[in-house]
Amino acid sequence: MHISLTPLLGALCLASSATITLRLPGPPSLPNPNALPPATHATLSTLGLPSLSAPLTTSNTFVFRNVTSGSYLADVHCPTFAFAPLRVDVDETGEGQEHVKVWETYRGNDWDNKGEALPKDSVGYEVRVLGSKGYFMERSKFSVLSILKNPMILLGLVSCGIFMGMPYLVDNMDPEMRAEWEERQKSNPMNGIMGAATGQPGANPMQGFDMASFLAGSSKKDNSGSSTPVSYSDAVKSGGGGGGSRKGKR
């Protein structure tokens with residue numbers, strides 16, 4: 001008895017294989033899909049099986065035929081644009097395109113994290129454009145504005161403006177306000193430190209004190225030629241500051 005197995009094998013192939021169509025988006029996502037390089041193609045890859053490849057058709061689609069059941073990663077390879085990868089699952093049940101499910105994914109994502117499935121239109125599943133590829137880095141150009149935008153340069157310019165504009169502000173002040181401001185400046189304890197740093201006479205009360213002579217016990221001579229012992233309080237008084245009431249003599 002002869003039994004033909006051709007219908008049975010055809011039914012099994014129909015049940016376990018499917019046709020998957022991926023299409024490119026139109027403007028404004030992709031300005032001109034027809035201008036893509038001829039090397040643009042899509043691949044379906046999975047573990048344990050060789051990758052399937054589909055070229056770009058004239059209708060801007062990628063057609064994969066006789067795809068067996070399994071879970072695949074779909075990638076669109078293009079020299080000028082980058083596209084988001086897709087996860088494609090082909091189930092064992094169902095017929096035709098009804099048992100195909102597609103999700104958008106990305107590199108490094110957990111394979112079990114599917115998210116929202118992509119809808120299918122009259123043509124196929126749309127592949128999202130991530131952006132154009134750039135292989136060259138533009139050389140930075142010299143610009144004065146880029147220098148002025150530096151925070152340190154701005155801080156220095158503001159400090160110079162205050163330093164140069166303060167004398168003009170003081171000259172244009174009201175006489176009474178200026179006198180009050182000068183009195184406050186005299187009572188400022190920082191004036192002694194600033195005067196000592198600039199070398200102004202009388203600003204530092206310890207300016208006329210010789211520490212080496214004081215420790216050695218030597219004496220200094222006045223204009224009359226007589227020698228007098230040097231004390232700390234006398235050195236402070238001679239320097240212009242207010243000395244203490246205690247006098248220590250050697």
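Let's start with the fold elements: the protein chain in this predicted model carries 7 helices and 12 strands. The chain runs to 250 residues, and 22% of them are buried. Its exposed surface comes to about 18,200 Å², with carbon and sulfur atoms supplying 59% of that area.

Now for the inside. The largest nonpolar core is built from 26 residues, and I20, L22, F64 and V88 are the ones with the most contacts inside it. Which elements give two or more residues to this core? They are β1 (17–23), β2 (41–46), β4 (61–68), β5 (70–77), β6 (81–83), β7 (86–90) and β8 (100–104).

Skip its neighbours within four places in sequence, and V88 still touches I20, L44, G70, S71, Y72, A74, V100, K101 and V102. I20, one of those partners, is also on the list of residues with the most contacts inside the core.

What about the cysteines? The disulfide count comes to 0. Is C78 buried or exposed? C78 counts as buried because its relative accessibility is 3%, and the cut-off for buried is under 20%. C160 has 44% relative accessibility, so C160 counts as partly exposed; that value lies between the 20% limit for buried and the 50% limit for exposed.

Technical notes:
Residues are numbered from 1 along each chain as its sequence is written. This is a predicted model: local features need pLDDT of at least 70, side-chain atom pairs count only at pLDDT 80 or more; totals for chains, interfaces and linings use all residues. Side-chain values use heavy atoms; hydrogens and water are left out. Helices (H or I, at least four residues) and strands (E, at least two) are DSSP runs, numbered from the N terminus. Buried means under 20% relative accessible area, exposed over 50%, partly exposed in between (1.4 Å probe, protein chains only). Accessible areas come from the Shrake-Rupley method with a 1.4 Å probe; for residues, only the protein chains shown count as cover. A disulfide is a pair of cysteine sulfur atoms within 2.5 Å. A nonpolar core is a set of buried Ala, Val, Leu, Ile, Met, Phe, Trp, Tyr and Cys residues joined through side-chain atoms within 4.5 Å. Contact means heavy atoms within 4.5 Å.
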